[in-house]
There are 2 protein chains.
Amino acid sequence: MTIARQSFGQELDSLRFELVHMGEIVQTSIEKAVDALARRDKALARSVMDGDDEIDRMQVEIEDRCISLIARQQPVATDLRVLGTGLKITTDLERIGDHAFDIAKIVLLIGDEPLIKPLVDIPRMAGIAQRMLQESLQAYLKLNVQMAEKVCRDDELVDQLYHQVFRELLTYMLEDPKKINQATQLIFVARYLERIADHSTNVAEWVIYLVTGERLRKNK
Amino acid sequence: MTIARQSFGQELDSLRFELVHMGEIVQTSIEKAVDALARRDKALARSVMDGDDEIDRMQVEIEDRCISLIARQQPVATDLRVLGTGLKITTDLERIGDHAFDIAKIVLLIGDEPLIKPLVDIPRMAGIAQRMLQESLQAYLKLNVQMAEKVCRDDELVDQLYHQVFRELLTYMLEDPKKINQATQLIFVARYLERIADHSTNVAEWVIYLVTGERLRKNK
């Protein structure tokens, strides 16, 4: 009995490590996608798009492991929350991966056109969103509620930056209609980054639920 | 024992009905949001935004029911898939609700400005997206794989309409810079509708998994 429980504990740990590993891959995707945009690197953008299948596969694998552990082990309390939040967090990570894919696709759409402006706030947003993801993964690994709460607070920062970027790009469009197409694409990039921050906040909220058993009000 | 199993079966049915009920509320939200946009009805838009809390509450309640049924009943096979897909479908429905909220918010942003063009394709997209959601919910209720597969096929249609709307609005912006701000907002509306169709497709894919036990390749 003791051995079986320990082995279940190990399986839960290994599941959590796999989820964090998926998160790290997703984080690299965001980094590469924004880098590809800044450096107009179409090959890099394509590699992000190609990598998305692997992220989807990891999601399916993690989901299957959660479901099969629930079926085999009939867990309760914290153990059950590990598996329930596993199912939820993997969805958020996969959505973040989708948004990295979306950003990479925009790099290909913009193609060789010169950028209408030096990118400043978009890489800044990306930096904060990536840090939020990283910290939510750390919070998950260490089951640290304080770290998770910090992530939730940082979401406001990204929202503000998004509105700033949006207004700025609108000004560019108004000044020069030739910039409209690309500015629209860059607004999408900003929007995706804002969503990535939302999903990272979701992960942090799941960590709080995992540790405390308490549900927060949904992040919007 | 027989009584307990039947009561579990009833609990699963009641959970499925609640999920469909949530889906219907979410569908009404899309309908109202797009209607508010077409009729410049700010009060209606506000009612969609106010209704979002209720949708979030339903999600939390359904999730809690899934988790607690898993804990109490230790289900396997199809029963477990009902609960696993319950956790997943509720996330998709909540995201659809968020997008209805996003569209309603845009109605308020546009305010009393006259619309830059008669809305044709956006209500069409909304109509298809709503039908997809409705059919995916019907497929879920009836565990009907053929219906679910039809939803997956319709997703392509919405994607095509999205690209058409996007190109058209870009043309409006290029012709008249005064239209840029609103056209950008309408592009977002189209994008949200395209996402709503994606999430409806996800629901349909979960139905296929629920019935067959087979996972499809993720909808992108």
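The legends below describe close-up views of a predicted model.

In this predicted model, local features need pLDDT of at least 70 and side-chain atom pairs count only at pLDDT 80 or more, while totals for chains, interfaces and linings use all residues. Residues are numbered from 1 along each chain as its sequence is written, chains are lettered from A and ligands numbered from 1 in the order in which they are written, and side-chain values use heavy atoms, with hydrogens and water left out.

**View 1. Secondary structure of chain A.** Chain A has six helices and zero strands, where helices (H or I, at least four residues) and strands (E, at least two) are DSSP runs numbered from the N terminus. The order of its elements from the N terminus is α-α-α-α-α-α. Along the principal axes, the C-alpha atoms of chain A fill a box of roughly 70 × 35 × 20 Å.

**View 2. Packing of helices H5 and H6 in chain A.** H5 (residues 145-175) and H6 (residues 180-212) of chain A pack at about 170°, and their axes are 9 Å apart. H5(A) is therefore roughly antiparallel to H6(A) (angles under 35 degrees count as roughly parallel, over 145 as roughly antiparallel, 65 to 115 as roughly perpendicular and the rest as oblique). Axes are lines fitted to C-alpha atoms, for helices over the stretch in contact, and angles run from 0 to 180 degrees between N-to-C directions. The residues of this contact comprise 22 nonpolar, four polar and seven charged (Ala, Val, Leu, Ile, Met, Phe, Trp, Tyr, Cys and Pro are nonpolar; Asp, Glu, Lys and Arg are charged; the others, Gly among them, are polar).

View 3. The side chains of A:Asp154 and A:Arg131 form a salt bridge (3.0 Å, N to O), defined as a side-chain nitrogen of Lys or Arg within 4 Å of a carboxyl oxygen of Asp or Glu. A:Asp154 lies in H5 and A:Arg131 in H4 (residues 121-142), so the pair ties together parts 23 residues apart in sequence.

**View 4. Interface of chains A and B.** The contact (heavy atoms within 4.5 Å) takes 45 residues from chain A and 45 residues from chain B. Six salt bridges are found across this interface. B:Asp102 and A:Arg195 meet through their side chains in a salt bridge (2.6 Å, N to O).
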